[in-house]
Amino acid sequence: MVYRGKPSAACAECRKLRSRCDKKQPACGQCTKAGRGCSGYRNMVDLMFLDESSRVVTQNRGRISARKMFLDDEHASKMLVQRPKNQQPPESPLRLAGFVMYQPLDDLGVNFFMNNFIVDDPNMSLIHYLPGYYARSGFSGPALRQMCAAVGLVSLANKSHRKDMLDVATNNYATAIRVINAALLCPKKAAQDSILASIFMAAMFEALIIPRHIGMDNCCTHLAGAVSVAHLILKQERHTDVTLQQCTALVKTVIMNCWVQQISLPPNFSEFKNLVEKKAARISVHEMFLNIVMELLQFKKDIQNSMQDDPAAIIGKALNIDTSLEDFALILDRQIPFESIHLPAGESEHLAYKGYYHIYPQHLHAHLWNNVRSSRIRLHQLILRQSRSLTPTLKLSAQEATSEAVIVALTTEMMASVPQLAGYLEDLEAPPTPVIHTAPAPKGISYELRYPTQRCATARTPESNPHSFYHVLYQLYIYGAESCLPQSMRLWIQQRIAWMENKATPAELVSLQDVVRRQLWSVSSTNSDKQYAHFSFTWF
């Protein structure tokens, strides 16, 4: 083997165009931006070392003949390759770090899923248990392996725009669905952890596939099916620790999906949830919040049925649930604190509204806080709408003013999470000490949050997360046109939306806007010169 020097590690297209290649997998950034197919990367070991054994043998045979050594070719070959008796066996092949090792797409999908969708911390990942379970039984449950590959590959296909990956992902998904359907015909096979995990993964696949017009309907169908299978396992007393972990993740996912999609809970879900809580025997702050969300879902159902002609009863119930959410915020403040910062006047106000922003230890914490805030905002928006149907009174006017003040205060707190969730927190300069901030209230009504906004300091700036980016953009769409917000706040939200839309991946942005239009809003553009549209709130 002859060393030929270190060649270029760039892909063929970047070498041809002499552009800087970032060598990302599965396609480099230059090719992805240019919309061209990336040829991949060369085997560096083959390029650096050239096998010249044949040439060396030929040269030595010539030398042997010139010296008139009367040896036949077979003997000469043996002499050339013979190893002295005292020579040690060759060492194992050198493993060079940083080189691209090609692997089948199925393996690539599984590895990408395990490395990018799951973390070991149960507080940050609903499916933190899956890698351990997959390592023990992944190959014994073919549907689970195929679903993991499908989810990983569809995510990679969305990023790299590679149709071959999407085709393989879809084939894996279809094959796994056939295996699941066959297993569901037998109650014993259906009550397997691998089947339950595979159905949950099928819902993830449908949520990731682009476009998602039908995908979210299929996602809801898979989640309802997973609830039925999990309920069967628990009733048969055949559950394991993995079953309970899956059921806990399923309860959280179904409740939040129904809340976001504005659909009813699956049949017998309350019975299933109570059974899971009884088996799990512990309730975290997340479960406590989900109990309130279930109360909100039931409240919405009551409004559509028995309460729709009683505005006073609706307002009373909304205030009761709002009190529960406010009490929960006090508990949340003790268990999941964050840092609140107010920059000097006029500094970086285009990045943080009036220089006010938050730093959360984890993105999941920011989302939980924002879910509490958004739920309270929805309730007070409902109160304002229902109050218009009642005869004006001093008490009702005071409640309307208070609700507007609450909406402004909570929206201010939600906007303070935008720098971190949108991924530009490091562009802001932190002041030496955090300060307490109270949002201004309209009509002279003062509303101060019952929980303080000064928090413990964080050790490091949390990393950006693309899912958080789209989640907070989704919330900006929701609250950007609220009429009771100050004009300066609405303008800041519109500017942030425009900035984020320019940063977003086009396919993801179109999908997000489609979800907003189809499921949550009636859309009418207020300015044809701007991409920002006015969204009329229709949650309840």
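Author: **Phe269 and beyond**

Phe269 is a residue of helix α14, which covers residues 269-280. The model is a predicted one. Is Phe269 buried or exposed? Its relative accessible area is 1%. Buried means under 20%, so Phe269 counts as buried.

Now its neighbours. Leaving out residues up to four places away in sequence, Phe269 touches Val227, Val251, Val254, Ile255 and Met294. Ser228 is 41 residues from Phe269 along the chain. Their C-alpha atoms are separated by 8.8 Å.

Next, a loop residue. Glu237 sits in the loop between α12 (215-235) and α13 (241-261). Its phi is positive, about 55°, although Glu237 is not a glycine. Most residues other than glycine have a negative phi. Glu237 is exposed, with a relative accessible area of 52%.

Arg18 also deserves a look. Its phi is near 55°, again positive in a residue other than glycine. Arg18 lies in the loop that runs between α1 (12-17) and α2 (29-34). It counts as exposed, at 78% relative accessibility. For residues 10-39, an unreviewed UniProt entry lists "domain: Zn(2)-C6 fungal-type". That stretch is 40% helix and 0% strand in the model. Its end C-alpha atoms are 10 Å apart.

Now a helix pair. Two packed helices are described by the angle between their axes and the distance between the axes. Helix α6 (residues 105-116) packs against helix α8 (residues 142-160) at an angle of about 85°, and the axes are 7 Å apart. Angles of 65 to 115 degrees count as roughly perpendicular, so α6 is roughly perpendicular to α8. On the α6 side, the contact includes Leu105, Val110, Phe112, Phe113 and Met114. On the α8 side, it includes Arg145, Cys148, Val151, Leu156 and Lys159. The residues of this contact divide into 11 nonpolar, three polar and four charged.

Last, the strands. Strand β3 (residues 339-342) pairs with β4 in the antiparallel sense, over four bridges. Ile341 stands opposite Tyr357 of β4. In a regular strand the side chains alternate between the two faces of the sheet. Which residues of β4 (residues 356-359) lie on each side? Tyr356 and His358 are on one side, and Tyr357 and Ile359 are on the other. These four are all buried, and both faces of β4 are covered.

Definitions and conventions
Residues are numbered from 1 along each chain as its sequence is written. This is a predicted model: local features need pLDDT of at least 70, side-chain atom pairs count only at pLDDT 80 or more; totals for chains, interfaces and linings use all residues. Side-chain values use heavy atoms; hydrogens and water are left out. UniProt positions are given in the numbering used here, feature names are shortened, and annotations may be inferred rather than shown by experiment. Helices (H or I, at least four residues) and strands (E, at least two) are DSSP runs, numbered from the N terminus. Buried means under 20% relative accessible area, exposed over 50%, partly exposed in between (1.4 Å probe, protein chains only). Axes are lines fitted to C-alpha atoms, for helices over the stretch in contact, and angles run from 0 to 180 degrees between N-to-C directions. Angles under 35 degrees count as roughly parallel, over 145 as roughly antiparallel, 65 to 115 as roughly perpendicular and the rest as oblique. Contact means heavy atoms within 4.5 Å. Ala, Val, Leu, Ile, Met, Phe, Trp, Tyr, Cys and Pro count as nonpolar, Asp, Glu, Lys and Arg as charged, and the others, Gly among them, as polar. Two strands pair if DSSP finds at least two bridges between them.
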